[in-house]
Amino acid sequence: MMSDDLAFIHRFEPGNRLEAPPLLLLHGTGGDESDLLSLGRAVSPGSALLSPRGKVLEHSMPRFFRRLSEGVFDEDDVRRRADELADFVEVARVRYGIAAPVALGYSNGANIAAALLLLRPDVLAGAILLRAMVPLSQSPQVDLRDKPVLIVSGKLDPIIPASNSAQLAALLANAGADVQHSVLPTGHQLSQTDLTVAREWVKVTGFLQTKEAAT
Ligand code: MLT
């Protein structure tokens, strides 16, 4: 289903397995709401999929927040856009009757998902962050207990230094999140192993709280 009558142009696919957590799909720079649908279906078969298109345009490429240069973010915009996206998720949950989703974000989408965890943690049941960075230089105090988070980084990623993804993992773990950080021998692009790792993580994690919320 394609819809633009909520605050974001988005696609929604209903789920057909109650125990599968809804996924909030967040594309990378230059992507759109269709980009991650097949990845979402593969990572968690039967999940409802909610997939918005980022509203910020960088040379006509959609993103979820403004940046000053590669890896340097406009943090006021990060905060504003995270709020706007969180509000959209809340309204969409009611519209489509879904539990709090697990974010599945890639690159810029993973960075806004990390910002959601830090700024509006209640909207997410957990997150899969593929090639994510620390989104804010000053992170707020937040309680992420009961939020499982998978970070998948590329050892050869030219955009994200290993120290930055390690710092993100530590930051989220210190806030109480149950973090798994997998570092793959790859770059910024996704590989088949990302899919395998993410699918396994969804299976093992189980998302009991999502199941309870959905029943
Ligand atoms: C970002 O701007 O979020 C990161 O630099 C990743 C990217 O979108 O290339």
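**Notes on the ligand site and ring contacts**

1. The model is predicted. In this model, a polar side-chain atom of Asn-111 lies 2.8 Å from an oxygen atom of the ligand. The ligand taken alone exposes 260 Å², of which the protein buries 96%.

2. A polar side-chain atom of Arg-63 is placed 2.8 Å from an oxygen atom of the ligand, and for Asn-108 the corresponding distance is 2.9 Å.

3. The residues around the ligand are Thr-29, Arg-63, Phe-65, Arg-67, Gly-71, Phe-73, Ser-107, Asn-108 and Asn-111. By class, this shell divides into five polar, two charged and two nonpolar residues.

4. Arg-63, whose side chain has a polar atom 2.8 Å from a ligand oxygen, also has its charged end over the ring of Phe-65, 5.2 Å from the ring centre.

5. How many aromatic pairs does the model contain? The count comes to three. One of them, Phe-12 with Tyr-96, is stacked, with 4.0 Å centre to centre and 5° between the planes. This pair links distant parts of the chain: Phe-12 belongs to strand 2 (residues 10–13) and Tyr-96 to helix 2 (residues 75–96), 84 residues apart. Both Phe-12 and Tyr-96 are buried.

6. Phe-65 and Phe-73 form another aromatic pair, here edge-to-face, at 4.9 Å centre to centre and 75° between the planes. Both residues are among those around the ligand. Phe-65 counts as buried because its relative accessible area is 0%. Phe-73 likewise counts as buried, because its relative accessible area of 11% falls under the 20% cut-off.

7. Is Asp-74 buried or exposed? Its relative accessible area is 19%, so Asp-74 is classed as buried, the limit being under 20%. Asp-74 is found in the loop between strand 8 (72–73) and helix 2. A polar atom of the Asp-74 side chain lies 3.3 Å from the backbone nitrogen of Asp-76.

Definitions and conventions. Residues are numbered from 1 along each chain as its sequence is written. This is a predicted model: local features need pLDDT of at least 70, side-chain atom pairs count only at pLDDT 80 or more; totals for chains, interfaces and linings use all residues. Side-chain values use heavy atoms; hydrogens and water are left out. A residue is near a molecule or strand if one of its heavy atoms lies within 4 Å of it. A polar contact is a pair of N or O atoms within 3.5 Å; within protein, one must be able to donate a hydrogen and the other to accept it, and residues adjacent in sequence count only if both atoms are side-chain atoms. Accessible areas come from the Shrake-Rupley method with a 1.4 Å probe; for residues, only the protein chains shown count as cover. Ala, Val, Leu, Ile, Met, Phe, Trp, Tyr, Cys and Pro count as nonpolar, Asp, Glu, Lys and Arg as charged, and the others, Gly among them, as polar. Rings of Phe, Tyr and Trp (its six-membered ring) pair if their centres lie within 6.5 Å; planes under 30 degrees apart count as stacked, over 60 as edge-to-face and the rest as tilted. Helices (H or I, at least four residues) and strands (E, at least two) are DSSP runs, numbered from the N terminus. Buried means under 20% relative accessible area, exposed over 50%, partly exposed in between (1.4 Å probe, protein chains only). A charge sits over a ring if NZ of Lys or CZ of Arg is within 6 Å of the ring centre and within 35 degrees of the ring normal.
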